[in-house]
Amino acid sequence: MSGDEEEEWGRRRRRIAGDPVTAALSADLLALILDRVAAARDRKAWRLVSRGFLRAEALHRRALRPLRRDALPRLLRRFPALELLDLSACPALDDASLAAAALGGAGRRLRSVCLARASGVGWRGLEAAAVADAAGLRELLLDKCLGVTDVGLAKVAVGCPALDRLSVKWCLEISDIGIDLLAKKCPDLRSLDISYIKVTNESLRSISSLRKLEDLAMVGCYFIDDDGMRILSRGCNSFQSIDVSRCENVSSGGLASLLEGHHLLRSINARDCVSELTSCFLSKLSVISNTLNILKLDGFQLSVSALKIIGMSCKNLVEIGLGKCKGVTDEGISELVANCAELRTINLVCCHLLTDDALFSIANNCKKVECLGLESCSLITEKGLDQLTICCSSVKELDLTDCNVNDAGLKCMSRCSELTALKLGLCASISDEGLAYIGSNCEKLQELDLYRCTAVTDNGLAAIAAGCKSLKRLNLCYCTQISDTGMKHLSCLEELTDLELRGLVRVTSSGITSLAMGCKSLVKLELKRCYSVDDAGLWALARYSENLRQLTISYCPVTGLGLCNLLGTLRCLQDVKLVHLSWVSIEGFELALRASCGRLKKLKLLSGLQEVLSPELLQMLQSRGCRIRWVDKPLVFKG
């Protein structure tokens, strides 16, 4: 914002703040106005109008995702009406900080708390949160809370008896004992995720007593087998969704027994579970034919006859997952979709035998399809895409990574005016001409992947930037013809949050400056092997990209001065990759990492630095919640 613009904005604020009409509005009326302000940028501007507007926003706010643990007590006092608290972005969150937040008294209204990846939280912190303030909690997410044991889970179970959703995914210290107590103390649970923890069939015996349980996820639970499935089949649960993907000891027979006991299942996820479906399981599908909507069988061996039975037994399917399934052919897809007219999501990733005939079958039978995954289906051509887009113009997501797609195919896809996500990575035949078709008619596009589309130039980006103003995620890695001119075209995309520019050797700091000045919403930026981006680019990011949280500048010719300014300025930055910064000295790394003031959660460095950086610095970073990944990579330049 220029000086004149800032002065004008200041006059406008003073004029509104002094307006007697505005001053007469009650907090309730201001809250009603705020409800109609959808965009985050607009809400921020709204609360800057006056102190009254700021107070109304504070009283009205229902959700909060703080980035620093030391600010937590103050924020909870400022926003007394909070119902959803997400602490997953707070580095080094531990028992003491969680207890301090709970004792502030703000937790009594909380209905949902996310503590994902808070490895420093144990039973004391959970006790403070559950018993002291959050007895009315309905949802608690503890994913990857590695310090949580059965004792911590017991504190939650006793202190939060009204829980209806709980996730302890990757909480490796939780055992059958904790799950048993949870089942006894929280009878109202409706959703439970115990994925990747070392529980056995005994936990399923406890879980089978939860009458209201509708959704159960146990991904990668290697000690659960068919006996556990039979225990669940005899239980009193109200299962609607079951996820046993990557449970290596669960077979088709175990899945069949589960279907016998639960006739209201809507979703079954058995990806990478067993290698082949048996006739026993296929015959049981008819039991849930009226309710089953989602079936994910990725990684199975599937014959034409098996797909025919699935199609005939599951006519109400809206989603089918067949990614990496062996034996899937055009004939099999034809038999499947002949009776599944309601399908909206079809995953056929890495089904290498499929040709345009499969798309013809989908187009003629599944008019409502919205999401289609075709990655590595290299036999598909523009003929199949033409038929698909004529019959299914409501397609919203299309993955054509590593497919034989050319500009003629993109012209066909441009018929899909509802398209929001398009993945075209490794499609070397795509050029600016094809992107012009997309830019001309796909104005709702939010995600575009052009990884290694080497024929794309700045002109293609101009077409996309002009027509796809809602773009949020863009991958341009190794699109080597793109230069600073392309970055200037992208600078008009105000909603862009994720941008990957790895290997763009023609992009300089001038292009990054244009990008930073225009794309103020950037959260993730990948600049690995951008050999022409130096300190000037980092200074621009430090000045304009205040929302940046994840940054990769490995192999860039930056110095310690630019790095220190960047890490000391960006208050939201939490994840940085700094491999092979040859122009940064040891002292430069020391000063830059100290300037981050404990905000970093993830840091990637060359392993050689482990021996030369001061132990005190490394200890300080780790004590404040920063996980350092040391890598040993040769210094290889790629043009």
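How much of the chain is helix and how much is strand over residues 313-464, and how far apart are the end C-alpha atoms? Over residues 313-464 the chain is 35% helix and 12% strand, and 43 Å separates the end C-alpha atoms. Helices (H or I, at least four residues) and strands (E, at least two) are DSSP runs, numbered from the N terminus.

Before going on, a word about the model. This is a predicted model, in which local features need pLDDT of at least 70 and side-chain atom pairs count only at pLDDT 80 or more, while totals for chains, interfaces and linings use all residues. Residues are numbered from 1 along each chain as its sequence is written, and side-chain values use heavy atoms, with hydrogens and water left out.

## The whole chain

The secondary structure of the chain comes to 27 helices and 23 strands. The radius of gyration of the chain, 27 Å, is close to the 26 Å that the globule rule gives for 639 residues, so the chain is as compact as a globular protein of that length. Here the radius of gyration is taken over C-alpha atoms, and the globule rule is 2.2 Å times the number of residues to the power 0.38. Along the principal axes, the C-alpha atoms fill a box of roughly 70 × 65 × 65 Å.

Of the 639 residues, 52% are buried. Buried means under 20% relative accessible area, exposed means over 50%, and partly exposed lies in between (1.4 Å probe, protein chains only). The chain exposes about 27,100 Å², and carbon and sulfur atoms supply 50% of that area. Accessible areas come from the Shrake-Rupley method with a 1.4 Å probe; for residues, only the protein chains shown count as cover.

Among contacts in the chain with a separation of 6 or more, 76% are between residues 24 or more positions apart. A contact means heavy atoms within 4.5 Å.

## An annotated region

An unreviewed UniProt entry carries the annotation "domain: F-box/LRR-repeat protein 15-like leucin rich repeat", covering residues 313-464 and 466-549. UniProt positions are given in the numbering used here, feature names are shortened, and annotations may be inferred rather than shown by experiment. Over residues 466-549 the chain is 35% helix and 11% strand, with the end C-alpha atoms 27 Å apart.

## Looking inside

Let us visit some buried places. In helix H21 (residues 458-467), the buried residues are Asp458, Gly460, Leu461, Ile464, Ala465 and Gly467. They pack against helix H20 (432-441), strand S16 (447-449) and helix H22 (484-490).

Ser414 sits in the loop between helix H19 (407-413) and strand S15 (421-423). With 11% relative accessibility, Ser414 counts as buried. Not counting residues up to four places away in sequence, Ser414 touches Tyr437, Ile438, Asn441 and Cys442.

Leu541 belongs to helix H24 (residues 535-544). Is Leu541 buried or exposed? Leu541 counts as buried, at 1% relative accessibility. Leaving aside neighbours within four places in sequence, Leu541 is in contact with Ile512, Ala516, Leu525, Leu527, Leu551, Leu566 and Leu570.

## Charged pairs

Side chains of opposite charge can pair when their charged atoms come close. A salt bridge is a side-chain nitrogen of Lys or Arg within 4 Å of a carboxyl oxygen of Asp or Glu. By this rule the count comes to 22 salt bridges. The table shows some of them.

| Salt bridge | N to O distance |
|---|---|
| Arg65 and Asp86 | 3.2 Å |
| Glu319 and Lys296 | 3.7 Å |
| Arg594 and Glu590 | 3.4 Å |

Glu319 lies in strand S11 (residues 319-321) and Lys296 in strand S10 (residues 294-296), so this pair ties together parts that are 23 residues apart in sequence. Lys296 is partly exposed, with a relative accessible area of 23%.

Arg594 and Glu590 are 4 residues apart in helix H26 (residues 586-595), so about one helical turn separates them. Arg594 counts as partly exposed at 33% relative accessibility, whereas Glu590 counts as buried at 13%. Salt bridges that share partners also join Glu342, Arg344 and Lys368 into one network.

## A patch on the surface

Which residues form a nonpolar patch on the surface? Leu146, Trp170 and Leu172 do, with about 250 Å² of accessible area together. Patches are made of residues with over 30% relative accessible area and no salt bridge: like charges are joined within 9 Å, and nonpolar side chains (Val, Leu, Ile, Met, Phe, Trp, Tyr) within 5 Å. Leu146 lies in the loop between strand S4 (139-141) and helix H9 (150-159), and is partly exposed, with a relative accessible area of 46%.
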